[in-house]
Amino acid sequence: VSLKSIFFPVVIGIMIWFWRRVHMLARSPVLLEYMLIYLGAALTFLNAPLEYLTLAFDMPYMLLLSDIRQGIFYAMLLSFWLVFAGEHMLIQGNNDCNTLKIYWRHLSAVVVGCISLFVFDLCERGAQLRNPFYSIWVTDFGTNLALTFIILAGISASIYFIFLCYMVWQVFCNISVKRSSLPSMSAARRLHYEGIIYRFKFLMLSTLICAAVTVIWFILGQV
């Protein structure tokens, strides 16, 4: 709670500063900037020190609320990585590049996975609001139901990761095409662009690793 009390106003301040800087530009905000502010809002909601309310109110649903906040943050984080990779595919001439509708196939995996884990969490945490000793795993029906939602979430996570890997692969292909024009540049300019390309490839690979760890950690955390 103490860390949340520190980071909650810090993140809000960073969001305000970032959004003011974006509006100082001589253009409208792009999709990636919107996604960053949405991610910041999800992080702010996650870091909100709502635990202080338990000092004055009886809130037996705090565990369920905490899981919901984590789920919203993870869903936003996974969606951000998809959009981040998609917006850096270096494909020009796409009029829909600044909208989310071109990512509906990719984001559907995130939605299905999060809904599956949310329903599983409701079956577990929701029932514990009436009976704190309840566990969904004690009956055969509950076990099968829980496994169904977990397997569905795992399938969605796998589809999401395949989509993300495919998009990163497309980014690398486009970078290779752009890189073919480097030999015609001067030595200093070529070194400058090669450095940018290497850093960008490292960033894309880091995105894949972070996405994989996040998906695994989120599913294990719900189980």
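This is a short walk through the structure above, from its overall build to a few of its contacts.

Keep in mind that this is a predicted model, in which local features need pLDDT of at least 70 and side-chain atom pairs count only at pLDDT 80 or more, while totals for chains, interfaces and linings use all residues. Residues are numbered from 1 along each chain as its sequence is written, and side-chain values use heavy atoms, with hydrogens and water left out.

Let's start with the whole chain. Its secondary structure comes to six helices and zero strands; here helices (H or I, at least four residues) and strands (E, at least two) are DSSP runs, numbered from the N terminus. Reading along the sequence gives the pattern α-α-α-α-α-α. The C-alpha trace spans about 70 × 40 × 30 Å along its principal axes. Of the chain's 223 residues, 35% count as buried. Buried means under 20% relative accessible area, exposed means over 50%, and partly exposed lies in between, using a 1.4 Å probe and protein chains only. A contact means heavy atoms within 4.5 Å. Among contacts between residues at least 6 apart in sequence, 73% join residues at least 24 apart.

Now look at two of the helices. Helix H4 (residues 104-128) packs against helix H5 (residues 140-179) at an angle of about 155°, with their axes 8 Å apart. The axes are lines fitted to C-alpha atoms, for helices over the stretch in contact, and angles run from 0 to 180 degrees between N-to-C directions. H4 and H5 are therefore roughly antiparallel to each other, a label for angles over 145 degrees, whereas under 35 counts as roughly parallel, 65 to 115 as roughly perpendicular and the rest as oblique. Among the residues that meet here are Val112, Leu117 and Phe120 in H4, and Phe149, Ile159 and Met167 in H5. The residues of this contact divide into 17 nonpolar, four polar and one charged. In this count Ala, Val, Leu, Ile, Met, Phe, Trp, Tyr, Cys and Pro are nonpolar, Asp, Glu, Lys and Arg are charged, and the others, Gly among them, are polar.

Val22 is buried, with a relative accessible area of 3%. Leaving aside neighbours within four places in sequence, Val22 is in contact with Pro29 and Glu33.

Side chains of opposite charge can pair when their charged atoms come close. A salt bridge is a side-chain nitrogen of Lys or Arg within 4 Å of a carboxyl oxygen of Asp or Glu, and a search of the whole structure finds three. In one of them, Arg27 pairs with Glu33, the closest N and O atoms being 2.8 Å apart. Arg27 is partly exposed at 40% relative accessible area, while Glu33 counts as buried at 11%.

Which residues are linked in a network of salt bridges? They are Lys4, Glu51 and Arg69. The side chains of Lys4 and Glu51 meet at 3.0 Å, N to O. Lys4 lies in helix H1 and Glu51 in the loop between helix H2 (31-47) and helix H3 (62-87), so this pair ties together parts that are 47 residues apart in sequence. Glu51 also forms a salt bridge with Arg69, with the closest N and O atoms 3.3 Å apart. Because Arg69 lies in helix H3, this pair ties the loop to parts 18 residues apart in sequence. Glu51 is partly exposed at 21% relative accessibility, whereas Arg69 is buried at 1%.
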